[in-house]
Amino acid sequence: MPHPLLLSRAHWTGLLLATSLLLLALLWPVFSGQNQTTESAASTSALPQPLQTTTPDIEALSIATPAVIDTSPTPQQHTIASGDTLQAIFQRYEIGASTLSAIMQADEDILALDVLHPDSHLIMEKTPRGELQRLTLELDPGRILHYERSSEGHFSYAWAPVELDWQARLFRGEISGSFYQSALRAGLSDQDAMNIAEILQQQLNFRRDLQAGDQFAVIRGEERNQDTPTGRTRLEAIRLQRGNREYTAFLFSDGSFYDAEGNSLTPAFLRLPSKQPYRISSAFNLARRHPITRRVAPHNGVDFAMPVGTPVLTTGDGIVSRTGNHPYAGKYVEIEHQGAFKTRYLHLHRIEVRRGQQVERGQRIAQSGNTGRTSGPHLHYELHINGRPVDPMTADIPEATSIPDEQLGQFRDQVETTLAVMTKHANETLVASLFAPTEG
Ligand SMILES: [Zn+2]
C-alpha cells in the first residue's frame, strides 16, 4: 500500500528499529504494573523488577560495584526470515525445548508465536546461567510483546505500555473509470476500496449505480505510536454523492457502521458459534486464577463442551484473517469482521476455510475438536471489540438495528461535524478523528 504521505519501507524499518530500541530502553524500569493501553489488557503476573540503578557517590563506587555488576549476556536480536519457526530459532540460540513449551503456553491467549511474520524482531535476553529470561516480540511499532520467565519455569506475557492514538485523514475524489481505480487515485488502498464497497453494499451496487463525475469522500483513521504509523487503519466515515442522492456510513462508538439516520449497516451477529446451544464448561473471565498455580490466567473466551466434529459457524460476516495450528490453542481460525469486531475459534478438529476467504454469518468454517492442550473436547470462542476480548455471551453484538434513542444526539453531532469536515477540506488533509470508542 504505497502512500505518498507515509514512509517508504526502508524508512519504516529504520524507524521501527529505532522506536523499538528506544521504547525498550525507556520502558524497562517501569515495566511491571503499567496500565495496558494496547489490546488484551491481560498482563498475567507481576514481573520481576530489574536492579535499581541509583547513582552511587565516588567513594561508595568501588565497594558497590561488585554487588550490582550485571553479568547477564548481551540480548540477542533475531530478524524473522520467511519460513522461520520459533523452534528453529530457539535451537540456533541454544534455548531448550522446555522453555519453548513454556513460552508457547503463555502464547495461547495471543497466538503470536506459531506463525512468525517476516521482518518482525525477536529479542532474547538470558540469565547469567544461560536460561532465557525474557523474549520480546515486536509485531509492529505499536505492539511489542514481552514473555517473561516467572517462577517454576512458567512464562507470563505483557504488552509494552504504549500510548497509541489515531490520526484521521480525509480522502476525496471523483469517479472516473471504476470506483476501485478512483479510490486508489485518491490515495486509498485496495483493501479500503473493498471494505467501502462491502459497507455500502446494501445501499448501492458499485458496478451498476456509480457514474463518472460522482463524488466520494472517505475519512480513514491511521493508528500511530507517537508519530510512527503502526500500519493499522480503519474506515471512520464514507460519503458517496450521486446526483442529489447521498450514501453515507459512519463508524460509531459501538464498533458498527450506521447511515446518517442512524440505521445500522453492519450485519447482525449470531450469539453462538453453533446451531444448538452447548453447555458452557468455562466462562469468560479476565481475572481467572489457575486452580493449582494460583497464577492469573485470564480466560479470554468462552468454552462450549461440544463433541469432536460438531459444525462450527462464524458468528458474523467477515474475512478469514488467520488460520493456524498452535501447540496449546490447537487448530484455530480468526475472522475479521466489519467495523471493530474480530472472532476466534480454537481447538478445532478440522479447518474448512482458508486465509483471505470471505465468509457469511452462520457459514460453517470448521469442525470442533480437541486439538492443542485441552482437558477434553470443546470449542473455545472469543469475541474482540475495538481490540479487546469481551464476554461473547453478554457483549453488545451488532444487531442490525438503529442507534438507541439515548445516543442519537451524540451520533447526530458526529454526523454533522463529519459531513462539514468532508465538505471543507482537500484530498489527503489530516483531520481530527471523530470516532472515539467507548471503553470496555
Ligand atoms: Zn477456553
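What pLDDT does the chain average, and what share of the residues score at least 70? The chain averages a pLDDT of 83, and 81% of the residues score at least 70; pLDDT is the predictor's confidence in each residue, from 0 to 100. This is a predicted model: local features need pLDDT of at least 70 and side-chain atom pairs count only at pLDDT 80 or more, while totals for chains, interfaces and linings use all residues. For selections, residues are numbered from 1 along each chain as its sequence is written.

**Residues 1–66.** Colour by pLDDT and select this stretch. Its pLDDT stays under 50, and the model has 69 contacts beyond four places in sequence for it. Two residues are in contact if their C-beta atoms, placed from the backbone, lie within 7 Å. Where pLDDT is low, the predicted coordinates should not be read in detail.

**The sheet.** Next, select strands E1 to E5. They form an open, antiparallel sheet in the order E1-E2-E3-E4-E5. Helices (H or I, at least four residues) and strands (E, at least two) are DSSP runs, numbered from the N terminus; two strands pair if DSSP finds at least two bridges between them. At the edges are E1 (76–79) and E5 (155–159), each pairing on one side only. Neighbouring strands are turned by 20° against each other on average, direction ignored.

Zoom in on E1 and E2 (residues 121–126), which pair in the antiparallel sense over 4 bridges. His 78 has Leu 122 in E2 as its bridge partner.

Axes are lines fitted to C-alpha atoms, for helices over the stretch in contact, and angles run from 0 to 180 degrees between N-to-C directions.

**Asp 140.** Select this residue in strand E3 (residues 132–140). Is Asp 140 buried or partly exposed? Asp 140 is partly exposed, because 18 other C-beta atoms lie within 10 Å; buried means 20 or more, exposed 12 or fewer, and partly exposed in between, with C-beta atoms placed from the backbone. Leaving aside neighbours within four places in sequence, Asp 140 is in contact with Thr 230 and Gly 231. Asn 225 is 85 residues from Asp 140 in sequence and 9.7 Å away in space, C-alpha to C-alpha.

**Helix H6.** Finish at residues 190–199, where Asp 192, Ala 193, Asn 195 and Ile 196 are buried. They cover an arc of only 165° around the axis, so they are on the same side of H6; the arc is that of the directions from the helix axis to the C-beta atoms. On the other side, Asp 190 and Gln 191 are exposed. The buried residues of H6 pack against helix H5 (179–186), strand E7 (215–225) and strand E8 (228–242).
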